[in-house]
Amino acid sequence: IETDDWKLTIIGFELYQTVGDSTADGVYLYLRMSIENTASEPRAFPFDGLVVIDLNDNSYFLAETPTRETLTYDYGFEIDEQLAAGASQSVAAVFDIATDATGLVLTTPSRVFQIRIEYDEAPK
């Protein structure tokens, strides 16, 4: 999707019980993404502006600690790092979702966009 001078592509996702030193209350939805800053100036990606909703309209917000660890150790990128104009970066965002959540959609609190996420695997 392209919105608010960002291009966002979901590359893939996995389900995990733990990410780094963090253990999910439910299960972690680990979204691998590519982001591109299409604005004319450097800026930080609004990770905290992402939310996953399920079929029952439950909202799951960013799990900040495992997301920070993943970005730092797996991608060499900081959660508040400025991305240069026109630059792209592989990143991940982690959400602690209910184990029985279905019909998952990545969106924003105001539903600016919606990307459906489907899975049929057990957590790793």
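Q: Which residues does phenylalanine 47 touch, leaving out those up to four places away in sequence?
A: In this predicted model, phenylalanine 47 touches Met33, Leu62, Leu71, Phe77, Ile79, Val91, Ala92 and Ala93.

Q: And what about the largest nonpolar core, which residues there touch the most other members?
A: Those are Leu29, Met33, Phe47, Phe95 and Leu106, out of 28 residues in that core.

Q: Which elements give two or more residues to this core?
A: You'll find E2, E3, E8, strand E9 (104–107) and strand E10 (114–117) on that list. The largest share comes from E3, with five residues.

Q: What else is there in the way of cores, apart from that one?
A: Another core, of seven residues, lies apart from it; Val19, Ala24, Tyr28 and Val94 are among its members. As a general point, nonpolar side chains in soluble globular proteins tend to be buried together.

Q: Switching to the sheet, in what order do the four strands come?
A: The order is E1-E2-E3-E8, in an open sheet with antiparallel pairing. Strand E1 (2–3) and strand E8 (88–97) are at the edges with a single partner strand each, so one side of each has no neighbour in the sheet.

Q: OK, how many bridges join E2 to E3?
A: Twelve, with the two strands running antiparallel. Phenylalanine 13, for instance, has leucine 31 in E3 as its bridge partner.

Q: And how many between E3 and E8?
A: Ten bridges join strand E3 (residues 22–37) to E8, again in antiparallel fashion. Arginine 32 has alanine 92 in E8 as its bridge partner.

Q: How about E1 and E2, over how many bridges do they pair?
A: Two bridges, in the antiparallel sense. Glutamate 2 stands opposite lysine 7 in E2.

Q: Which residue takes a positive phi in the hairpin of E1 and E2?
A: Aspartate 4 does, with phi near 50°, and that hairpin has two residues between the strands. Aspartate 5 is also found in the loop between E1 and E2, and its phi is near 60°, a positive value in a residue other than glycine.

Q: Is aspartate 4 buried or exposed? And where does aspartate 5 fall, exposed or partly exposed?
A: Aspartate 4 is exposed, with a relative accessible area of 57%. Aspartate 5 is partly exposed, because its relative accessible area is 43% and the exposed class begins over 50%.

Q: And the next hairpin, which residue has the positive phi between E2 and E3?
A: That's glycine 20, with phi near 60°; this hairpin also has two residues between its strands.

Q: Changing topic again, where does serine 34 lie?
A: Serine 34 lies in strand E3, and it is partly exposed at a relative accessible area of 23%.

Q: What is it in contact with, beyond its neighbours within four places in sequence?
A: Serine 34 is in contact with Lys7, Leu8, Thr9, Ile11, Gln89 and Ser90. Its C-alpha atom is separated by 11 Å from that of alanine 93, which is 59 residues apart from serine 34 along the chain.

Q: Last one: which strands does helix H1 lie across?
A: Helix H1 (residues 64–75) lies across strand E2 (6–19), E3 and E8. The helix runs at about 150° to E8.

Conventions:
Residues are numbered from 1 along each chain as its sequence is written. This is a predicted model: local features need pLDDT of at least 70, side-chain atom pairs count only at pLDDT 80 or more; totals for chains, interfaces and linings use all residues. Side-chain values use heavy atoms; hydrogens and water are left out. Two strands pair if DSSP finds at least two bridges between them. Contact means heavy atoms within 4.5 Å. Axes are lines fitted to C-alpha atoms, for helices over the stretch in contact, and angles run from 0 to 180 degrees between N-to-C directions. A nonpolar core is a set of buried Ala, Val, Leu, Ile, Met, Phe, Trp, Tyr and Cys residues joined through side-chain atoms within 4.5 Å. Buried means under 20% relative accessible area, exposed over 50%, partly exposed in between (1.4 Å probe, protein chains only).
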